[in-house]
Amino acid sequence: MLKIIIPTALLMPTTLLLSPGILFLIMVLYSMLLSTISLMLLNLPVLMKTMNISAYFSNDSISTPLIILSCWLLPLMMLASQNHLKTEPINRKRVFLLTLTALQTALILTFTTSNFILFYILFETTLIPTLIIITRWGNQTERLSAGLYFLFYTLASSLPLLIALLYLNSKYLHTSMELLFLNQPDMPPTNSSPLFWLASLLAFMVKLPLYGLHLWLPKAHVEAPIAGSMVLAAILLKLGGYGLIRISSVLNPHPTSLMFPIMILALWGILMTSSICLRQTDLKALIAYSSVSHMGLVIAAVILQTPWSLTGAMTLMVAHGLTSSALFSLANTNYERTHTRTLILVRGLQLVFPLATTWWLLTNLTNMAMPPSINLVGELLIISALFNWSPPTIIITGIGTLITAIYSLYMFLMTQRGKMSTQFSLLTPTHTREHLILILHLLPMSLLILKPTLASGLFT
């Protein structure tokens with residue numbers, strides 16, 4: 001594990017020392033080497049499925065897929081940002097790459113920590129680089145209000161979590177995830193009191209986000225640069241899901257007085273946000289709302305706390321991370337050429353970019369969970385677990401799946417088919433770099449079809 005953490009931290013001084021001519025090339029190659037090394041984590045025979053690095057850091061089958069996903073996305077973010085940073089001075093390029101690598105280091109440490117207080121500190125640390133990326137490198141002036149929304153939603157919701165963790169620490173004199181999980185059957189029922197449960201889970205529900213607490217997400221996605229959108233959709237939302245899985249295991253049994261309203265809100269959110277997607281005119285906002293819809297399933301699955309639902313939640317998080325990141329990359333390739341995200345203006349691109357249309361089709365099919373993608377595996381496991389808990393949920397999840405298929409096809413047809421606008425007469429062709437980004441998104445998804453257990457967290 002240290003083979004990944006130390007070289008990732010060394011990326012930061014590397015950005016400052018490299019000469020301008022080879023800065024992007026070396027950074028991308030170095031981070032690609034890191035992501036390849038991270039794949040070794042899938043093959044570690046560890047006792048009790050946990051490998052301790054130190055008293056405060058360890059990785060297991062829940063954190064491993066998310067660590068690999070974080071490492072895999074860093075070179076893709078750098079590649080996707082190349083055109084965006086083309087006109088920037090060299091010092092700003094260095095600061096941008098430094099911010100990305102600082103975020104990457106913070107994320108890997110967050111996923112590997114085995115102490116709740118340290119997890120909270122690192123969880124909050126990821127806010128700073130993300131906020132810098134959104135507010136400094138966003139395109140429109142609204143990026144400042146988007147950054148404020150993002151900051152205050154996350155900070156306000158995480159204060160109750162800090163109080164809950166300090167209470168746990170004063171009560172048990174430690175906040176070790178493993179020890180709290182092992183001692184959980186002997187714990188007094190205070191840990192499952194509704195107020196304590198809500199305080200512990202609120203921060204993660206805002207991060208995922210839960211419908212009703214999601215208003216920061218579309219703003220942040222729309223205003224962020226491409227690297228910001230990719231890391232937000234692929235990893236930062238999953239950080240909420242990961243935290244939810246970790247702390248839910250300590251809070252059993254769940255208080256039904258709060259469990260039912262949140263479950264209803266999550267399932268209702270699937271329908272609402274999917275319906276909002278059908279009315280969107282902005283391509284990035286459409287993809288952002290589709291993320292909220294998919295994360296509604298993850299929240300419902302984690303609160304359910306069954307082996308099937310947790311396996312489905314982990315699989316869907318990894319699958320959605322790659323799919324939504326690929327969709328944002330495709331939206332960015334369109335935006336760089338047409339300079340608009342309005343769906344009604346950008347039509348008929350199949351004639352101009354036939355290969356990009358192939359990527360659009362494949363990514364939209366995985367987004368709507370077409371067999372045999374791992375999105376389908378995750379959704380089926382969650383829908384089956386929810387049906388086993390309460391049969392009427394099949395109506396909501398079924399309609400949600402149907403609307404997901406409708407807006408995915410709507411997004412594809414609106415951008416690729418129809419008559420092209422006359423104002424886009426001279427469009428530059430797509431680059432090999434952009435095709436490489438899409439291949440590196442779709443290749444892991446294709447390989448995971450052969451063995452979905454690698455992404456599932458192995459709860460069964």
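This is a predicted model: local features need pLDDT of at least 70, side-chain atom pairs count only at pLDDT 80 or more; totals for chains, interfaces and linings use all residues.
Local features need pLDDT of at least 70, side-chain atom pairs count only at pLDDT 80 or more, and totals for chains, interfaces and linings use all residues. Residues are numbered from 1 along each chain as its sequence is written, and side-chain values use heavy atoms, leaving out hydrogens and water.

**Helix 15**
- Helix 15 (residues 354-367) has 14 residues and should span 20 Å at 1.5 Å a residue; its end C-alpha atoms are 20 Å apart, which agrees. The expected span is 1.5 Å times one less than the number of residues. Helices are DSSP runs (H or I, at least four residues), numbered from the N terminus.
- Its buried residues (under 20% relative accessible area, 1.4 Å probe, protein chains only) include Trp359 and Trp360.
- These buried residues pack against helices including helix 13 (283-304) and helix 18 (432-450).
- Just after helix 15, Ala369 takes a positive phi of about 60 degrees.

**Ser293**
- Ser293 sits in helix 13 and is buried, at 3% relative accessible area.

**Aromatic pairs**
- Rings of Phe, Tyr and Trp (its six-membered ring) pair if their centres lie within 6.5 Å; planes under 30 degrees apart are stacked, over 60 edge-to-face, the rest tilted. The count is ten pairs.
- Phe96 and Trp137 pair edge-to-face, 5.0 Å centre to centre, with 75 degrees between planes. Phe96 lies in helix 4 and Trp137 in helix 6, so the pair ties together parts 41 residues apart in sequence.

Notes:
Helices (H or I, at least four residues) and strands (E, at least two) are DSSP runs, numbered from the N terminus. Buried means under 20% relative accessible area, exposed over 50%, partly exposed in between (1.4 Å probe, protein chains only). Contact means heavy atoms within 4.5 Å.
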